[in-house]
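Visitor: Please put the model on the screen, and then let us go through it by question and answer.

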Amino acid sequence: MTDKTGDLTNGDIKDMSSESSLLCGTRGEEDSRWVKDLGEGVQVQLQKLIQPLQERLTELEKQTMKKYPEVRYLPESERKRILITGGAGFVGSHLTDRLMMEGHEVTVVDNFFTGRKRNIEQWVGHPNFELINHDVVEPLLIEVDQIYHLACPASPPHYMYNPIKTIKTSSLGTLNMLGLAKRTRARILQASTSEVYGDPQEHPQTEEYWGHVNPIGPRACYDEGKRVAETMCYAYAKQDKVDVRVARIFNTFGPRMHMNDGRVVSNFILQALQDQPITVYGHGKQSRSFQYVSDLVDGLIKLMNSNESSPVNLGNPDEHTIMEFAQIIRSKIGGNSVIQNVAAAEDDPQRRKPDISKAKKILGWEPVVPLDRGLQLTIDYFRNELEHAAKMKVPGKPVE
């Protein structure tokens, strides 16, 4: 409606505004529904494209996800923070396995002079495990409850390779670990050796025997280094009340022994597996007592958790001559190896057998793995190592 002048009235404007709002509202709803339908269509198409990728990614994650050995759950009150120096070595890696599976938090410190990452790779990435590439001759500042101090080359070729370094590891390394134990009030177990008895004049060797060691011979860097390490342990115990344990470890063998460590078991097994002459130093009438590595690990853990602070022998009193041992290994492996006598090593101990009465009485410990069983496990390990090394040398050959 217009007035006489032809202009729109207020009522006309209101009606037109209402119609416009109605039209706009209808158009807006249609646009909104169209956008919504379009969005849902795009989402469906994207989901069809993404779903196969997600399934493939899940499959790849399952394939690459690391599976760790089964670990026992320990409540916080029972779980310990444990440091193992030399933890990537032969004995240290087996000790690492045991303590990890018991549910403790384990820190391995190693400079990889004789240790190998392969020995502890099964734990890398586990929330309870930490690996530190570190030399114990330098101080270490971490928080721990227990320290297993195993770091030191233990085979003659390795500790004679750099005698000054060996002495530093036994002296400065032990000094640093004792300092750490003092600061954190941790209990420390010093991995000593039957070599503190030298070429013994007492047989079998008890913990009370003071030894018969050449202080300037080729083995002195190791023998005397371990002796002074024991001295430092008891000096710290007396002066600073550090809680110490000392294990005198006798000959030990098993998987993860270094292939070139020059020790009796590894030498004889490798030579027999490769049909090489089995070399016996001297006349072969020297005697040794060999324990399997799992027995030693049991003994170390029992000693650490005991109340015994004086030295304890950990070894197998089952004594064999070197010649007998060479014959045992040759008969188990077979082949065409001959036993060959070569020049005797300087300062080579003639007899070695532990008296383990103390360990039996105080720790309730003694070796349980028969020699035959332990040797078979070790032979199988070295055979696999040789096969692995052979594959590595063949171009294009897949390595398992």
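The conversation below moves from the whole protein to its sheet, its helices and one lysine.

Guide: This is a predicted model, in which local features need pLDDT of at least 70 and side-chain atom pairs count only at pLDDT 80 or more, while totals for chains, interfaces and linings use all residues. Residues are numbered from 1 along each chain as its sequence is written, and side-chain values use heavy atoms, with hydrogens and water left out.

Visitor: How many helices and strands are there in the protein?
Guide: Helices (H or I, at least four residues) and strands (E, at least two) are taken as DSSP runs, numbered from the N terminus. Counted in that way, the protein holds 10 helices and 13 strands.

Visitor: What percentage of the residues is buried?
Guide: Buried means under 20% relative accessible area, exposed means over 50%, and partly exposed lies in between, with a 1.4 Å probe and protein chains only. Of the 400 residues in the protein, the buried share is 44%.

Visitor: What is the strand order of the open sheet, and which strands stand at its edges?
Guide: Two strands pair if DSSP finds at least two bridges between them. The sheet has 7 strands with parallel pairing, in the order β3-β2-β1-β4-β5-β6-β11. Because each edge strand has a single partner, one side of each is left without a neighbour in the sheet, and these edge strands are β3 (129-133) and β11 (312-314).

Visitor: Which residue stands opposite isoleucine 82?
Guide: Strand β1 (residues 81-85) pairs with strand β2 (residues 105-110) in the parallel sense, over 5 bridges. Within β2, the residue opposite isoleucine 82 is valine 106.

Visitor: At about what angle to β6 does helix α7 run?
Guide: Axes are lines fitted to C-alpha atoms, for helices over the stretch in contact, and angles run from 0 to 180 degrees between N-to-C directions. Helix α2 (residues 90-101) lies across β1, β2, β3 and β4 (146-149), at about 170 degrees to β1. Helix α7 (residues 293-304) lies across β4, β5 (187-193), β6 (244-249) and β11, and its angle to β6 is about 160 degrees.

Visitor: How many nonpolar, polar and charged residues has the contact of α8 with α10?
Guide: Helix α8 (residues 322-333) packs against helix α10 (residues 371-393) at an angle of about 60 degrees, with axes 11 Å apart. Contact means heavy atoms within 4.5 Å, and residues meeting here include Phe325 and Lys332 in α8 and Asp372 and Gln376 in α10. Ala, Val, Leu, Ile, Met, Phe, Trp, Tyr, Cys and Pro count as nonpolar, Asp, Glu, Lys and Arg as charged, and the others, Gly among them, as polar. By these classes the contact has 7 nonpolar, 1 polar and 2 charged residues.

Visitor: How many nonpolar residues has the contact of α6 with α8?
Guide: The axes of helix α6 (residues 264-273) and α8 come within 10 Å and cross at roughly 40 degrees. Among the residues making the contact are Val264, Phe268 and Leu273 of α6, together with Ile322, Phe325 and Ile329 of α8. The contact has no polar and no charged residues, and its nonpolar residues number 11.

Visitor: Is lysine 168 buried or partly exposed, and what is its relative accessible area?
Guide: Lysine 168 is found in helix α4 (residues 163-184). Leaving aside neighbours within four places in sequence, lysine 168 is in contact with Val137 and Gly173. Lysine 168 counts as partly exposed, because its relative accessible area is 41%.
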